[in-house]
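Good morning, and thank you for making time for this item. I would like to take the group through one protein model, from the whole chain down to individual residues.

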Amino acid sequence: MTTHDNQVYINLTSGTPTMTAVSVLLGEGVYNCKFFQSSKENKVELTTLPIDFSATYKKVAAARIVNSHARSPKVENAFVAMVANSPEMKDLVTKAKKLANSDLPTLVLGETGTGKEMLSQAIHHAGMRSDNPFKAVNCGALPESLSDSILFGHVKGSFTGADKDHQGLFEQASGGTLFSDEVGELSASIQVKLLRALQEGEITRVGDTNSRKVDVRVIAATHQNLQQMVLNGTFREDLFYRLAVGVLKIPALRQRSADIESLTQSVLMQVNQQVSKHPDFESKEISQDGINFIKQQTWPGNIRELWNTLSRAVLFSDNKILQAEDIKAALISHENKASQPPVVLSAEEYFDLPQHIDSIKRNYIEAALKSCLDSKTKAAKMLCLNNHQTLSNWLKESS
């Protein structure tokens, strides 16, 4: 290699073919580089290579820019159906979009009816696997005797009724996403096979001796406290940490009051679309009074309960515009399982109420701390306290 007036010259004649290839790669990365080699007549000749790395780079870079611009609307469209006006939901959607750009296993947490499958579908459709299958399974509904076959498949003759080979959901979702709802319901043996699928990208059909490679992104969901289940020994710790790479927690409906009005209108519109198929029913609207009544409810069944309530209100109400009374009539009352019998005290009886309250506080605080692995901040949030300092003060008062 020689240089002259900022011009770089590289001799391609000497050295092994590997050294020549390296010289070409290095030289093509320099703007002012020229190649020469010796001819059979012992002359030094400049050589022009039929390779234009800069043009190739520009082509690839342009494609990446186009893809990035084309991808942005795709991500936004995937989440457009999710109502996210509240700070809690905006934060959730922001995190979900980031996870959609990755291929990481994801754990979606939230109460029953909060929309865990809908969020998982949005992540899939916004991600790199959107053109491939999205398969969903409710692990809690899997028959114990068939769960292995449903998830991982079986070969012909492996058990009574297996009259042909069967692809399990992992193989059916190859290249795409498998959404495993209520993953905490899986048996210990299936947890082991799920862990292997995540770690090694391999599954084994029931009755087979050979493993099969699978390329599946797993999004798991549950309303249970998996960390507590790990402590109790009912859920594998290694599987928990394999699933909980990306963690999303969907807030309960009562925790996102800023979304309730928009969510109510969205659900009502979808209910009306279903009702429009039946000639005997007409579409309904809802009054502000009705929306205010909805905001006052706790909705333990979350969006699913809201959907069912609005469906009943549309079905049974004769009013064109639903009022608070219509929503109230459509509600299913929730019995308080923890209700206590009436307290009866005689005129001369004394009861140490402060001590009783302190005892209740301590029991709930200790239970919350145990569930949250001694995190006071998380325990305070679980007990609906303003901050962890309030929790600490309660502990001191009840000690």
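The model is a predicted one, in which local features need pLDDT of at least 70 and side-chain atom pairs count only at pLDDT 80 or more, while totals for chains, interfaces and linings use all residues. Residues are numbered from 1 along each chain as its sequence is written, and side-chain values use heavy atoms, with hydrogens and water left out.

The protein chain contains 16 helices and 13 strands; these are DSSP runs, H or I of at least four residues for helices and E of at least two for strands, numbered from the N terminus. Of its 399 residues, 37% are buried, where buried means under 20% relative accessible area and exposed over 50%, with partly exposed in between (1.4 Å probe, protein chains only). For contacts between residues at least 6 apart in sequence, 67% join residues at least 24 apart; contact means heavy atoms within 4.5 Å.

Now the pockets. On a 1 Å grid over the protein atoms alone, a pocket is an open set of points where a 1.4 Å probe fits, with protein on both sides within 12 Å along at least five of seven lines; lining residues have an atom within 4 Å of a point. A volume is the space filled by probe spheres set on the points, which are joined across faces, edges and corners.

The largest pocket has a volume of about 1,400 Å³. It is lined by 33 residues, and those closest to its centre are Leu-109, Lys-249, Ile-250, Gln-255 and Lys-381. Elements giving two or more residues to this lining include α3 (87-100), β5 (106-109) and α15 (376-382).

The second largest pocket holds about 550 Å³. Among its 24 lining residues, Gly-113, Thr-114, Gly-115, Met-118 and Ile-303 are the closest to the centre. At least two lining residues come from each of α4 (116-126), α10 and α12 (302-316).

Helix α10 (residues 257-275) also contains Thr-264. Is Thr-264 buried or exposed? Thr-264 counts as buried because its relative accessibility is 0%. Beyond neighbours within four places in sequence, Thr-264 contacts Ile-286, Ile-294, Leu-306 and Leu-310.

Finally, the cysteines. The structure has zero disulfides, a disulfide being a pair of cysteine sulfur atoms within 2.5 Å. Cys-139 is buried, at 5% relative accessible area, whereas Cys-384, at 69%, is exposed.
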